[in-house]
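Please open the model in your viewer and keep the selection panel at hand. The stops below follow one another along neighbouring selections.

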Amino acid sequence: MADSSTQSIIIGAAPERVTAVICDFAAYPEWTDAVRRAEVVEEYEDGYASQVRFTIDAGVMADEYVLAYEYAEDVSRIEWHLVAPSKMQKSQRGSYDLVGNPDGSTTVTYTLEVDLSVGMLGMFRRKAEKMIMDTALKQLKRRVEATGAAQ
């Protein structure tokens with residue numbers, strides 16, 4: 001059974017800009033270290049991705065999998081789950097919760113639950129999850145704030 005991990009970060013941009021970066025899946029290889037390819041497989045009528053195929057290579061872990069996405073009406077919450085088990089994962093569930101702050105920044109809370117197909121001691125799994133989440137949030141912050149400065 002997978003445990004859930006949660007981390008938050010404050011990004012110096014409005015929630016709409018953060019959402020735009022999160023939802024631009026094709027650009028993930030440009031700013032995330034582990035993602036080699038991200039391809040939107042299916043879209044909802046409103047143009048948001050409903051399923052995305054990812055190819056990742058994080059050194060010790062390489063995998064290809066499809067995630068199904070759901071969005072809150074105001075896109076303040078983006079949730080996903082693994083469509084089918086992959087080489088490395090039995091299941092994956094996650095979410096981004098975005099809250100606008102009075103100063104124009106956004107607090108992003110990332111929750112992730114992964115059940116790996118390969119055995120890993122709980123202590124090492126939690127450390128790996130923390131590293132993955134920490135890296136993902138820092139890279140998201142860097143990308144959003146860099147694209148904001150370019151505008």
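**A tour by selection**

Begin by selecting strand 3 and strand 4, which form a hairpin with four residues between them, and look in the turn for G59, whose phi is positive at about 75°. Strands here are DSSP runs of E with at least two residues, numbered from the N terminus. The model is a predicted one, in which local features need pLDDT of at least 70 and side-chain atom pairs count only at pLDDT 80 or more, while totals for chains, interfaces and linings use all residues. Residues are numbered from 1 along each chain as its sequence is written, and side-chain values use heavy atoms, with hydrogens and water left out.

Strand 3 (residues 49-57) runs antiparallel to strand 4, and seven bridges join them, where pairing requires that DSSP finds at least two bridges between two strands. Select Q51 next, and its bridge partner in strand 4 will be A68.

Finally, select Q92 in strand 6 (residues 89-100), which counts as buried because its relative accessibility is 8%. Contacts of Q92 (heavy atoms within 4.5 Å), leaving aside residues up to four places away in sequence, include L67, L82 and W80. The C-alpha atoms of Q92 and L67 are separated by 8.3 Å, although the two residues are 25 apart along the chain.

Terms used. Buried < 20%, exposed > 50% of the residue type's maximum accessible area, 1.4 Å probe, protein only.
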